[in-house]
Structures are given as C-alpha cells and as structure tokens.
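I opened the model and made notes as I went. The entries follow the order in which I looked things up.

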Amino acid sequence: MALDFVAGCIGGAAGVLVGHPFDTVKVRLQVQSVDKPLYRGTYHCFQSIVRQESMRGLYKGIGSPMMGLTFINAIVFGVQGNAMRMLGVDTPVHQFLAGAAAGLIQCVICCPMELAKTRMQMQGTGEKSASRRMYRNSLDCLIRIHRKEGVRGINRGMVTTVIRETPGFGVYFLTYDTLTRALGCDADDGYIIPKLLLAGGMSGMASWISTYPVDVIKSRLQADGVGGANRYDGIMDCVRQSWRREGWRAFTRGLTSTLLRAFPVNATTFATVTLFLMYMREDDEGVKDCEAMRPSLQHSSL
C-alpha cells in the first residue's frame with residue numbers, strides 16, 4: 001500500500017507537469033465571455049497566453065494541484081483498494097463501483113484545490129506582468145476566499161465536483177480494466193509500456209468525455225465573481241444561462257484541449273508509476289501482469 005502511494009504521487013506529479021498547460025487553456029475557453037471572446041479556439045488560446053503572458057502563463061495555478069496531489073492520491077489509493085477487497089471479486093462492475101467510491105470521497109480535497117487552480121488560472125488574463133494581483137499563490141488564494149466567504153466559499157462547486165468525479169472515476173477504472181484485459185499485458189512483454197500508455201491515455205479520454213458538460217458548469221461556478229459581480233445563482237441557473245446564450249456548444253467548450261491533455265497526462269502517469277513499481281518490485285515474483293501493477297490515477301488532474 002505504501003509503495004503504491006509513493007508511486008502514485010510520483011506518477012501524478014509527472015502527469016500534472018505535462019498536462020497543466022492544457023488545463024489552463026481548457027479553463028480559459030470554458031469561462032470566457034461569449035459576447036467578447038478573447039480566444040477563437042484551442043490553438044489560438046495557447047498561442048495568445050504564451051505571447052501575452054509568456055510560458056509562465058500556462059502554468060498559473062499549478063501550485064494548487066501539486067499541493068493537493070499527495071492527499072488526493074492517498075484517498076484514491078486507500079478507498080479504491082479497500083473497496084476492491086470488500087467487494088471480493090475483481091470484475092468490471094466492481095472496478096466501476098470502487099472507482100466511483102474513490103472519486104466521491106476525494107472530492108473533499110479536490111474541490112478546494114480546483115477552486116484555487118481555476119482562480120489562479122483566470123488571474124491576469126492577457127497580461128504579461130500584471131501590476132495588481134489578487135492572489136500571490138494557490139494557498140494565499142484559498143486563505144483569502146475563506147476569509148471573505150468562509151467554508152462555503154472554499155467549497156464552491158462541491159456539488160458539481162461530486163457529480164463529475166463519482167461517475168468519472170468509475171468510467172476511468174472500468175475502461176482501464178477492460179483495456180488491460182483486452183491487451184493482455186505481461187511484465188515480460190516487450191510492448192508492456194506502449195500498452196500501458198495506450199490503456200491509460202484512452203481511459204483518461206473516456207472518463208472526461210463521460211462527464212465533461214458537468215466540468216464546464218463547475219469551472220464557470222468556481223470562476224464566477226472573479227473581478228466583478230456574480231453572474232449565477234446556482235447550478236441550474238448556470239445551466240440555463242449557458243444554454244440560452246450559447247446553446248449546446250457551451251457544454252463542449254475546451255473539450256479539444258481537455259482530450260489533448262488527457263491522453264499524454266494519463267500515458268505519462270501510467271508509464272511513470274509502472275516503471276517505478278517494476279523497479280521497486282523487481283525481486284517480487286508475484287508481479288506478473290498489469291492487474292498486479294494497476295496504478296490508480298486522480299481524475300481531477302487527468
């Protein structure tokens with residue numbers, strides 16, 4: 001259990017470093033004004049951030065997911081592992097249920113972490129060196145939100161986070177279980193790393209597709225009020241306004257960036273975790289296939 005936890009932390013950190021720029025692009029596209037959009041699409045958004053804010057602009061808010069990484073992986077690994085032991089038999093349905101349970105419980109850390117990340121990513125939009133910044137870093141962001149809005153403010157977007165994370169993790173583990181079984185991974189297979197890269201990348205993409213509209217609403221609620229008055233009274237009001245102003249396309253904004261990010265992030269995380277476990281367990285003859293080495297990944301950073 002301890003070894004899996006360490007492997008997950010290392011792999012998760014690698015995934016965050018690879019995927020955070022895509023996440024910044026996703027959030028900017030999700031919450032930009034439909035009347036006066038700053039970005040025409042994924043590539044234009046990426047290009048504009050680099051030109052106007054430098055490469056550092058792509059990594060705004062990375063401190064928040066890095067801070068929450070250890071706690072999220074601890075929860076995910078513990079809950080998913082214990083849930084599978086309680087369920088007894090390793091089946092696709094049980095993989096879904098165990099993943100869903102892990103996704104539900106880790107929301108306690110995930111929601112505040114993503115709130116800070118979103119606020120930091122929106123700060124100084126279009127400015128290379130902003131003269132005034134509301135937040136110095138992710139921790140300062142959470143402290144200021146708590147002082148102003150209390151515990152409720154820190155947990156803004158919790159309901160949508162739960163709605164996204166619970167089935168999202170279930171789909172993730174179900175897809176990964178199905179793919180690893182179909183690919184027939186074996187520790188002696190010369191193609192084990194490409195197989196894990198494929199399984200992890202595809203699982204991450206499937207998970208995001210299954211819950212993406214909820215993620216758009218979550219991002220808009222968590223970014224609401226930054227630099228002005230609040231626009232939404234709640235989840236349903238956000239859904240109604242988004243649909244009325246933008247139609248169904250509102251719920252797919254930033255999807256391209258998300259999918260472009262999901263594959264390399266999960267591929268990187270899987271490869272890192274698997275190589276670490278194989279190295280640490282090289283004398284353990286019980287490790288024979290992907291099932292024995294299955295790493296759990298955080299959906300919030302997929």
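Entry 1: I began with Arg 181 and Asp 90, whose side chains meet in a salt bridge at 3.4 Å, N to O. I noted that the model is a predicted one. I then asked which parts of the chain this pair links. Arg 181 sits in helix 7, while Asp 90 sits in the loop between helix 3 (63–87) and helix 4 (92–105). The two residues are 91 residues apart, and the pair links distant parts of the chain. I checked accessibility next. Arg 181 has 42% relative accessibility, so I put it down as partly exposed. Asp 90 comes to 36% and therefore also counts as partly exposed.

**Entry 2: helix 7.** Since Arg 181 is in helix 7, I looked at that helix as a whole. It covers residues 158–183, which is 26 residues. At 1.5 Å a residue I should expect a span of 38 Å, and the end C-alpha atoms are 36 Å apart, so the two figures agree. I looked at what comes after the helix and found Gly 184, with a positive phi near 65°.

**Entry 3: helix 7 against helix 8.** How do the axes of helix 7 and helix 8 (residues 192–223) cross? They come within 8 Å and cross at roughly 170°. An angle over 145 degrees counts as roughly antiparallel, so helix 7 is roughly antiparallel to helix 8. I sorted the residues of this contact and got 17 nonpolar, 12 polar and 4 charged. I recorded the crossing of helix 7 and helix 8 as right-handed.

**Entry 4: other salt bridges.** I counted salt bridges and the figure comes to 18. Asp 140 forms one with Arg 136, the closest N and O atoms being 3.5 Å apart. Which side of that pair is buried and which exposed? Asp 140 is buried, because its relative accessible area is 8%. Arg 136, at 65% relative accessibility, counts as exposed.

**Entry 5: a backbone angle.** I looked up Ser 54, whose phi is positive, near 70°, in a residue other than glycine. Ser 54 is found in the loop between helix 2 (42–53) and helix 3. Its relative accessibility is 21%, and the buried class ends at under 20%, so Ser 54 counts as partly exposed.

**Entry 6: a cysteine.** I located Cys 9 in helix 1 (residues 2–31).

**Entry 7: the whole chain.** I left the overall tally to the end. The protein chain has 10 helices and 0 strands. From the N terminus on, I read the elements as α-α-α-α-α-α-α-α-α-α. Of the 302 residues in the chain, 51% are buried.

Methods:
Residues are numbered from 1 along each chain as its sequence is written. This is a predicted model: local features need pLDDT of at least 70, side-chain atom pairs count only at pLDDT 80 or more; totals for chains, interfaces and linings use all residues. Side-chain values use heavy atoms; hydrogens and water are left out. Helices (H or I, at least four residues) and strands (E, at least two) are DSSP runs, numbered from the N terminus. The expected span of a helix is 1.5 Å times one less than its number of residues. Axes are lines fitted to C-alpha atoms, for helices over the stretch in contact, and angles run from 0 to 180 degrees between N-to-C directions. Angles under 35 degrees count as roughly parallel, over 145 as roughly antiparallel, 65 to 115 as roughly perpendicular and the rest as oblique. A crossing is left-handed if the near helix is turned anticlockwise from the far one by less than a right angle, and right-handed if clockwise. Ala, Val, Leu, Ile, Met, Phe, Trp, Tyr, Cys and Pro count as nonpolar, Asp, Glu, Lys and Arg as charged, and the others, Gly among them, as polar. A salt bridge is a side-chain nitrogen of Lys or Arg within 4 Å of a carboxyl oxygen of Asp or Glu. Buried means under 20% relative accessible area, exposed over 50%, partly exposed in between (1.4 Å probe, protein chains only).
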